Amino acid sequence: MTTERLTLDAKGVAGALGVGVNQAYTLMHDPTFPSFRVGRRWLVSVQALEAWLQEQSQQDRGL
């Protein structure tokens, strides 16, 4: 059985988006970004990140 991660931390978000970890932390603290806290950790679900990226690409195109 393969276990895929359901969430990403700042390092994972940085890798997925191709940005630095500091930029990922800044983004994860933005109220329009779909992140949430578990204890002291900031996480984002993989599905929410994919939906957010799709939304951002449509906004950039003016759709």
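**Entry: Ser-35.** I began with Ser-35, which sits in strand β2 (residues 35-38); helices (H or I, at least four residues) and strands (E, at least two) are DSSP runs, numbered from the N terminus. I was working on a predicted model, where local features need pLDDT of at least 70 and side-chain atom pairs count only at pLDDT 80 or more, while totals for chains, interfaces and linings use all residues. Residues are numbered from 1 along each chain as its sequence is written, and side-chain values use heavy atoms, with hydrogens and water left out.

Is Ser-35 buried or exposed? Its relative accessible area is 17%, so I noted Ser-35 as buried (buried is under 20% relative accessible area, exposed over 50%, partly exposed in between; 1.4 Å probe, protein chains only). I then listed its contacts (heavy atoms within 4.5 Å): leaving aside neighbours within four places in sequence, Ser-35 touches Met-28, Trp-42, Leu-43 and Val-44. With Met-28 I also found a polar atom of the Ser-35 side chain 2.4 Å from the backbone oxygen of Met-28.

**Entry: the core.** Met-28 turned up again in the largest nonpolar core, which has eleven residues. I wrote down the other members too: Leu-8, Ala-10, Val-13, Ala-14, Ala-24, Leu-27, Phe-33, Val-44, Leu-49 and Trp-52. The elements giving two or more residues to this core are α1 (10-17), α2 (21-29) and α3 (46-60). My rule for such a core was buried Ala, Val, Leu, Ile, Met, Phe, Trp, Tyr and Cys residues joined through side-chain atoms within 4.5 Å.

**Entry: aromatic rings.** How many aromatic pairs are there? I got one, counting rings of Phe, Tyr and Trp (its six-membered ring) with centres within 6.5 Å; planes under 30 degrees apart are stacked, over 60 edge-to-face and the rest tilted. Phe-33 and Trp-52 are edge-to-face, at 4.8 Å centre to centre and 75° between the planes. Phe-33 lies in the loop between α2 and β2 and Trp-52 in helix α3, 19 residues apart. Phe-33 is buried at 4%, and Trp-52 is buried at 14%.

**Entry: charges.** My search of the whole structure gave one salt bridge (a side-chain nitrogen of Lys or Arg within 4 Å of a carboxyl oxygen of Asp or Glu). Asp-9 and Arg-41 form it, at 3.7 Å, N to O. Asp-9 is in the loop between β1 (7-8) and α1, Arg-41 in strand β3 (residues 41-45), 32 residues apart. I noted Asp-9 as partly exposed at 24% and Arg-41 as partly exposed at 45%.

Terms used:
A polar contact is a pair of N or O atoms within 3.5 Å; within protein, one must be able to donate a hydrogen and the other to accept it, and residues adjacent in sequence count only if both atoms are side-chain atoms.
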